[in-house]
Each structure stands twice: as structure tokens, then as C-alpha cells.
Amino acid sequence: MALKMVIPKGKLYDKVAELLSDIGLTLVGDSRNYRPQLFGCDIEVKLLKSQNIPEMVALGQHDIGFAGMDWVLEQEADVEVLEDLGFNPVRLVSCIPEEWDWNEVQQRKIIVASEYKKISAKYLDKLGVKYQLLRAYGATEVFPPEDADMVIDNTSTGSTIRANRLKIVDTVMESSTQLIANKDIMNDPAKRQQIDDLLLLMRGVLNGRKRVLLEMNCSEESIDRVVDLLPAMRAPTVSQLYNADGFAIKAAIERKLIKDLLPKLITAGATDILETPIRKVL
């Protein structure tokens, strides 16, 4: 029986499609086609809004899916979280008009607007303020000051919040895209194997995206200095150059370290440095 996968519509679609492509699966369609084809495997695909995915996976309508942790928690969906993919990282933040004093606001009953009623209620109860909670259906930032005293909404850069003359007073939670699965499906040996194989390849791609392969040459005199600088996964690969005095070195390095590392390697005596993207790390 085919594995049933559900993918979010909208801006997350392209990132999921790219990830599937990098593991060797071709998604044919676009975010306007609710039933795209996934070639290279026995998987049926359907598109839904992100908000609906955790609940549908929990109910067993789909075996696996991609959803933000914010919606998993908001729906209190009883699903298995398999992997934090790191896509679309956002913060859920509480905001009030920029000229208001936060300490004064907490002293009175406030009207709060949010798409996240359950998350917001837990946050406000913990905060200990008196409140009335309104369900927002998008464009939450337009509520204050006439229709709400506070909004709880997600943001990546904060630009929309600032543009509407609001200020962030607290971070409620952080969220990013998760790969989730129905808990009962994980007890099905055949489907569990499909999911484990898929997860293995996804992790390989995600690990590969974090690293690059550095190759370089150096003399015998500088080999120790160069190798000592390389934070490889285990240890750099070192081999003697053919018919020459010197060594060739290879190492998989975290991408974020490269900017500061390259000048140090050159100073230590490394030459002929090549930087190559890595497709997968398994």
C-alpha cells in the first residue's frame, strides 16, 4: 500500500519540493495543484493548508506530512515528530502598540487577538493577566489599538509588526517546519521501513547542506599547522601528492565556519584550495 504524504500549500511547498528532489524524488505539479505526482517512489501526495495538516495526520487520513510546530501545538495533534527540518523559522510573539507601557497594560483586562487560541490562552494564563481572547483570521496586526490591546502572531523579521506601529513585548515560542507521522502507522512494519528510508535520505541532504568539502594542498613543513585548523567530521583525509613533495587534504567543514577559516588556512600554508557543495552526508 502506498505511503500517504501531505504537503503544505503556499511558500513551504517549494522548500519541500526541493528537499524531495535532492533525495531523488520528483514532485510534478505546483502549489495550485492539490494532487501532484511524486515520481521515484510509491507515495501518494496531497496538498493542504498548513493549519490542517497536523490534525489530518493525527486522525490517520495521511501517514506523514510537513507542518510547523506552532500548528502541531495549537491543534494539540497527537503525532510523532520525526525531524525538525528547520524550514520557515518563525517566532510567535506578543505585541502591543509601540507607545504603550507594557507594565501598565498587564494591570487591566486586555483584549487579545490571535490565530493561535490554544497557545495564546496557555501563555496568557501563565502570564497571570485578565484577558478576553479573539480568534483572528489573518491580518492580526491590524487589530490594535481600536479592536484589541494585544496580538499574538508569528514573525520572521518583525517588519510587518514595526510597519503597523507595534512592538514585541515577549516571545511566546519558536517554530519551524517538522516532518510528522501518524503514530499508528509507525507500528506498521512495511510503512515504518518506507518512512525510515525516507528519513535517512532527508537527514543526509540536510546534513549535506550544512557542510562543504574543502580540498587543498600543502607542503610537508606546513601539514601539521593546516590539519590542526580543520574541524572535520572525524579527521581530514591526507594523502601524499604524486611525484611531488607535499600533501593533498580533504575535509567536510561546516559551511558557517568557512568565512573565518579560509584566511587562516592560507596563512598556515594551504594552497590550491577548492570548496565544493555536498549533496548528502550519511
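Met-5 stands opposite Val-45 in β4. In this predicted model, strand β1, residues 3-8, runs parallel to β4, and 6 bridges join the two. Helix α1, residues 11-22, lies across β1, β4, β5 (64-68) and β12 (177-182), and its direction makes about 135° with β1. Helix α7, residues 189-209, also packs on the sheet, where it touches β1, β4, β5, β6 and β12. The angle between the directions of α7 and β6 is about 25°.

The sheet itself is open and has 5 strands, in the order β4-β1-β5-β12-β6, with mixed pairing. Strands β4 (43-48) and β6 (79-84) each have a single partner strand because they stand at the edges, so one side of each is left without a neighbour in the sheet. From one strand to the next, the twist averages 30°.

Next comes the division into domains. The domain assignment gives domain 1 as 3-87 + 176-209, domain 2 as 90-175 and domain 3 as 211-277. Between the C-alpha centres of domain 1 and domain 3 the distance is 38 Å.

One more helix deserves a look. Which residues of helix α5 are buried? In this helix, residues 117-127, the buried ones are Ile-119, Ser-120, Ala-121, Tyr-123 and Leu-124. An α-helix has 3.6 residues a turn, so residues three or four places apart point the same way. Just after α5, Gly-128 takes a positive phi of about 85°.

Definitions and conventions: Residues are numbered from 1 along each chain as its sequence is written. This is a predicted model: local features need pLDDT of at least 70, side-chain atom pairs count only at pLDDT 80 or more; totals for chains, interfaces and linings use all residues. Side-chain values use heavy atoms; hydrogens and water are left out. Buried means under 20% relative accessible area, exposed over 50%, partly exposed in between (1.4 Å probe, protein chains only). Helices (H or I, at least four residues) and strands (E, at least two) are DSSP runs, numbered from the N terminus. Two strands pair if DSSP finds at least two bridges between them. Axes are lines fitted to C-alpha atoms, for helices over the stretch in contact, and angles run from 0 to 180 degrees between N-to-C directions. Contact means heavy atoms within 4.5 Å. Domain bounds come from an automatic or database domain assignment.
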